[in-house]
Amino acid sequence: GGTVSHEFQLPAEVGEDRLLLCPEGHFAANVETLSEEQTACPTCGGKLSQTRGIEVGHTFYLGTKYSSVSNAVFCSPDNKPQLAEMGCYGLGVTRILAASIEVLSTEDSIRWPSLIAPYQLCFIAPKRGSKEEKEGAVLLEQMYDDLAEALPHLAGDSVLDDRTQLTIGKRLKDANRLGYPYVIIAGKRVCEDPPVFEVWNQNTGEVLFLTKEGTIELLSKAQVP
């Protein structure tokens with residue numbers, strides 16, 4: 001990466017890189033780039049703590065090495081030609097996905113950051129043949145329509161698991177494995193007055209039983225792209 005470079009590291013115990021971090025956040029470095037004698041932060045003097053990390057990105061400075069060869073110039077404010085200063089960056093796209101799973105997920109479920117989740121919401125309709133099948137399906141559709149009106153940015157970021165031949169539990173397990181941040185289930189309480197939906201917040205592990213209004217309020221506070 002040269003003498004002026006920056007690594008973007010995701011702290012993780014399973015990471016292959018050893019990192020030294022300032023307790024106050026002033027300084028962070030890969031052990032490979034430091035001398036063995038450096039144990040204190042160069043800014044505040046605090047003792048550096050060691051952890052491990054997964055490198056997910058890297059930027060470095062090229063200067064005019066290539067712009068001088070190709071004569072890549074621009075005009076300065078005083079109308080003089082100057083060589084462009086260049087830099088490079090690399091993002092480990094597949095590594096970011098793997099690192100997210102490694103750091104955030106549990107043994108039986110994936111927890112994606114909202115920015116890379118396949119969908120923000122998964123709706124699970126009642127099981128075929130259940131007593132709440134017909135009424136629950138209508139209420140779930142109304143829930144989607146009202147949610148789309150109140151929070152239009154979620155309208156196209158939702159998926160319906162309509163494999164109603166499968167139990168709700170089976171479909172919920174699949175939803176956990178796919179990593180939808182929120183799952184809304186029309187279960188046994190959907191036929192109550194008012195209807196109550198089972199809402200899973202996957203990133204916190206919470207299971208809430210909410211009315212339509214309560215569900216919309218919850219999702220209005222969610223940090224979604």
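## A buried Phe and its partner

At 4% relative accessibility, F123 counts as buried (buried is under 20% relative accessible area, exposed over 50%, and partly exposed in between, with a 1.4 Å probe and protein chains only). This is a predicted model, where local features need pLDDT of at least 70 and side-chain atom pairs count only at pLDDT 80 or more, while totals for chains, interfaces and linings use all residues. Residues are numbered from 1 along each chain as its sequence is written, and side-chain values use heavy atoms, with hydrogens and water left out.

So what does F123 pair up with? A search of the whole structure turns up one aromatic pair. F123 and Y144 make that pair, and the arrangement is edge-to-face, with 5.9 Å centre to centre and 85° between the planes. To count, rings of Phe, Tyr and Trp (its six-membered ring) need centres within 6.5 Å; planes under 30 degrees apart are stacked, over 60 edge-to-face, and the rest tilted. The pair links distant parts of the chain, as F123 sits in strand β8 (residues 121–124) and Y144 in helix α3 (residues 133–150), 21 residues apart. Helices (H or I, at least four residues) and strands (E, at least two) are DSSP runs, numbered from the N terminus. Y144 is partly exposed, at 30% relative accessible area.

Take K134 and H58: they are 76 residues apart in sequence and 53 Å apart in space, C-alpha to C-alpha.

Another residue of helix α3, D146, has a salt bridge with K212, the closest N and O atoms being 2.6 Å apart. K212 lies in helix α5 (residues 212–220) and D146 in helix α3, so this contact ties together parts that are 66 residues apart in sequence. Both ends are partly exposed: K212 has a relative accessible area of 24%, and D146 has 26%.

## A salt-bridge network

The structure holds eight salt bridges, each one a side-chain nitrogen of Lys or Arg within 4 Å of a carboxyl oxygen of Asp or Glu. Which residues are linked in a network of salt bridges? They are D161, R163, K170, D174 and R177.

R163 takes part in two of these contacts: the side chains of R163 and D161 meet at 2.9 Å, N to O, and R163 also bridges to D174, again at 2.9 Å. R163 lies in the loop between β9 (158–161) and α4 (168–178), with D174 in helix α4, so the R163–D174 pair ties together parts that are 11 residues apart in sequence. As for cover, D161 is buried at 10% relative accessibility and D174 is buried at 14%, whereas R163 is partly exposed at 30%.

## The largest pocket

About 300 Å³ of space lies in the largest pocket. Of its 14 lining residues, H6, E7, A28, A29 and N30 are the closest to the centre. Strands β1 (5–11), β2 (17–21) and β3 (28–30) each supply at least two residues of the lining, and β1 gives the largest share, with four.

Here's how the pocket is defined: on a 1 Å grid over the protein atoms alone, a pocket is an open set of points where a 1.4 Å probe fits, with protein on both sides within 12 Å along at least five of seven lines, and lining residues have an atom within 4 Å of a point. Grid points are joined across faces, edges and corners, and the volume is the space filled by probe spheres set on the points.

## A nonpolar patch

Over on the surface, Y89, L91 and V93 form a nonpolar patch with about 390 Å² of accessible area together. Patch residues have over 30% relative accessible area and no salt bridge; nonpolar side chains (Val, Leu, Ile, Met, Phe, Trp, Tyr) are joined within 5 Å, like charges within 9 Å. Areas come from the Shrake-Rupley method with a 1.4 Å probe, and for residues only the protein chains shown count as cover. V93 belongs to helix α2 (residues 93–104) and is exposed, at 57% relative accessible area.

N71 lies in the loop between α1 (67–70) and β5 (73–75) and is exposed at 54% relative accessibility. N79 is in the loop between β5 and β6 (81–83), and N79 is exposed too, at 61%.

There's also a cis peptide bond from D193 to P194, with omega near 0°. P194 sits in the loop between β10 (182–185) and β11 (197–201).
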